[in-house]
Amino acid sequence: MADYIKPVVLKLGAEEYGVDISLVNAIEQYQQIVPVPNSVAYIKGIINLRGEVIPVYDLRKKFNMPAYDGNDGERKLVVVKLPDVLIALDVDGVSEIHDFSEKDIVPMPGLVLNEDTKFFRRVAHVNGRLIILMDVNHLLSEEELENVKKMKEDMK
């Protein structure tokens, strides 16, 4: 469990999700996203971050949540490292980088796990809050990951 003791806590609506800080490359202000027609279903488009083209992943769409309708000034793009590729997670905000005690982390109940939720491995219970810990290495299916890699290659 030690690999999820220090997550970056992301917000999507009222929900909180944690991503292992060692997989976070950057936390950026929200910026113009260029749509890419016919791309992977959950890819909103691409951004240019310091000269590198990075796909933007729509977590709200992936989690079947309504589209964001708040102030874009509060949104963030959290750039994470996946095998062989960087992607930016489009989130409503970043609330904190938290240190969890191992005793505060429990496995995700098996009843909620399926092919569409396999990236939810653990839950942290801290001060009355439940923070779902995501394993971003499993966020994209193998096919989605290959399509993102191909999209990046095609843009070179």
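Q: Is Lys11 buried, partly exposed or exposed, and what is its relative accessible area?

A: The general idea is that a residue counts as partly exposed when its relative accessible area falls between the 20% limit for buried and the 50% limit for exposed. In this model, which is predicted, Lys11 has a relative accessible area of 28% and is therefore partly exposed.

Q: Which side chain does Lys11 meet in a salt bridge, and is that partner buried or exposed?

A: To call a salt bridge, one looks for a side-chain nitrogen of Lys or Arg within 4 Å of a carboxyl oxygen of Asp or Glu. Here the side chain of Lys11 meets that of Glu16, with 3.7 Å from N to O. Glu16, at a relative accessible area of 11%, is buried, whereas Lys11 is partly exposed.

Q: Which residues are linked with Lys11 and Glu16 in a network of salt bridges?

A: The network links Lys11 and Glu16 with Glu96 and Arg129. Within it, the side chains of Arg129 and Glu96 meet in a salt bridge at 2.6 Å from N to O. Because Arg129 lies in strand S11 (residues 129-134) and Glu96 in strand S8 (residues 93-97), this pair ties together parts that are 33 residues apart in sequence. Both residues are partly exposed, Arg129 at 25% relative accessibility and Glu96 with a relative accessible area of 24%.

Q: How many salt bridges does the structure hold, and where in the chain are Arg75 and Asp90, which form one of them?

A: The structure holds nine salt bridges, including the one in which the side chains of Arg75 and Asp90 meet at 2.7 Å from N to O. This pair links distant parts of the chain, 15 residues apart, with Arg75 in the loop between helix H1 (59-62) and strand S6 (76-82) and Asp90 in strand S7 (residues 85-91). To read their burial, one applies the cut-off of under 20% relative accessible area: Arg75 is buried at 7%, and Asp90, at 3% relative accessibility, also counts as buried.

Definitions and conventions. Residues are numbered from 1 along each chain as its sequence is written. This is a predicted model: local features need pLDDT of at least 70, side-chain atom pairs count only at pLDDT 80 or more; totals for chains, interfaces and linings use all residues. Side-chain values use heavy atoms; hydrogens and water are left out. Buried means under 20% relative accessible area, exposed over 50%, partly exposed in between (1.4 Å probe, protein chains only). Helices (H or I, at least four residues) and strands (E, at least two) are DSSP runs, numbered from the N terminus.
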